[in-house]
Amino acid sequence: MRTKRRIPQRKFASYTNAQCTFSSRQTVNIMDTASTTKNFRTVAELQAGAANAEIFEACRDSTEVKLENFPKYVRRQHLKRFLALYEIFKMILPIKGSIVECGVFRGFGFISWAKLSTMLEPENFTRRIYGFDSFDGFPSIGERDKNAVDSNIVAHPKTGDLSSNSKDELEALVSEYDKDRFLGHMDKAHLIEGDACESIPRFVEEHPHLVLSLVFLDFDLYEPTKCAIDHFVPRMPKGSILAFDELDNPIWPGETQALLDTIGINNVQIERLPWDPYIGFVKM
Ligand SMILES: C[S@@+](CC[C@H](N)C(=O)[O-])C[C@H]1O[C@@H](n2cnc3c(N)ncnc32)[C@H](O)[C@@H]1O
């Protein structure tokens, strides 16, 4: 039976025009061919994740053993992503304050920050990880989020896009993580559910002690990003990191617009890692 597979949308162009069959079981939607217009992904790239997944599923090892050997199956782009977060985390090791992940989705960044903290600074029990998400996808889309990319290549974002429904799973994972770490009896990782435009101001008001060493902005949209900058930046000491995932990205103009309307682009040095195309960060 053929199943239609949604392309994993890493910022996350929706390719709409055609299907590409790459195995007896799976198809993906892609643009007709790379020759029609400039695509964001090649056909080979679109097939790679699913091909690895097929090999993963066919392997007779237990899932636990397969997870222990994760670099076999995880594409280099996702390994790079984890390494990029590691590089960012190292910058905040000597900086006081907690971490905020703005946009949790399925939890890649949120769980990475939590595990990096446990791995690299097991005694730093006051560094907490807060993850903000509706878990229901984008609550709304504003005018500033409309991109100028050909809609045949990239679908415009819609309310409800990137819905993840991952909160229960992430809480179960955090509970296992707590059992298996130093000082696991002290709380570490928290999820804050709801529209961030409402939950962030409330959270800051309810946490008068809050100091932040890292704010990772990955909402993709103007309004929640602006709200996060407005409310979190006053809690960030010198040397802390304000990181953006979508600056200068034609698909997601809202994040750049939010920076323009708050701190301003000329007022900061926006750095990048030499080998990562996405993350831009400001040392405050
Ligand atoms: C690109 S994903 C985040 C990816 C995540 N950082 C990771 O490591 O995989 C964007 C997330 O932002 C969330 N989001 C966008 N606008 C929001 C808002 N106003 N309130 C709460 N969550 C929002 C979406 O639900 C989505 O899960």
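Helix α4 (108-120), strand β5 (129-133) and helix α6 (196-206) each supply at least two residues of the shell around the ligand, where helices (H or I, at least four residues) and strands (E, at least two) are DSSP runs numbered from the N terminus. The model is predicted, so that local features need pLDDT of at least 70 and side-chain atom pairs count only at pLDDT 80 or more, whereas totals for chains, interfaces and linings use all residues. Residues are numbered from 1 along each chain as its sequence is written.

The ligand is surrounded by 23 residues, the closest being Gly103, Phe105, Phe108, Gly109 and Ala196; a residue is near a molecule if its C-beta atom, placed from the backbone, lies within 6 Å of it. By class, this shell has twelve nonpolar, five polar and six charged residues, with Ala, Val, Leu, Ile, Met, Phe, Trp, Tyr, Cys and Pro counted as nonpolar, Asp, Glu, Lys and Arg as charged, and the others, Gly among them, as polar.

Strand β5 also belongs to an open sheet of seven strands with mixed pairing, in the order β6-β5-β4-β7-β8-β10-β9, two strands being paired if DSSP finds at least two bridges between them. At the edges, β6 (189-193) and β9 (271-272) each pair on one side only. Strands β7 (residues 212-217) and β8 (residues 241-244) run parallel and are joined by four bridges, and Leu214 has Ile241 of β8 as its bridge partner.

Helix α3 (residues 76-92) lies across β7, β8 and β10 (280-283) and runs at about 160° to β8; axes are lines fitted to C-alpha atoms, for helices over the stretch in contact (C-beta atoms, placed from the backbone, within 7 Å), and angles run from 0 to 180 degrees between N-to-C directions.

Technical notes: Contact = placed C-beta atoms within 7 Å.
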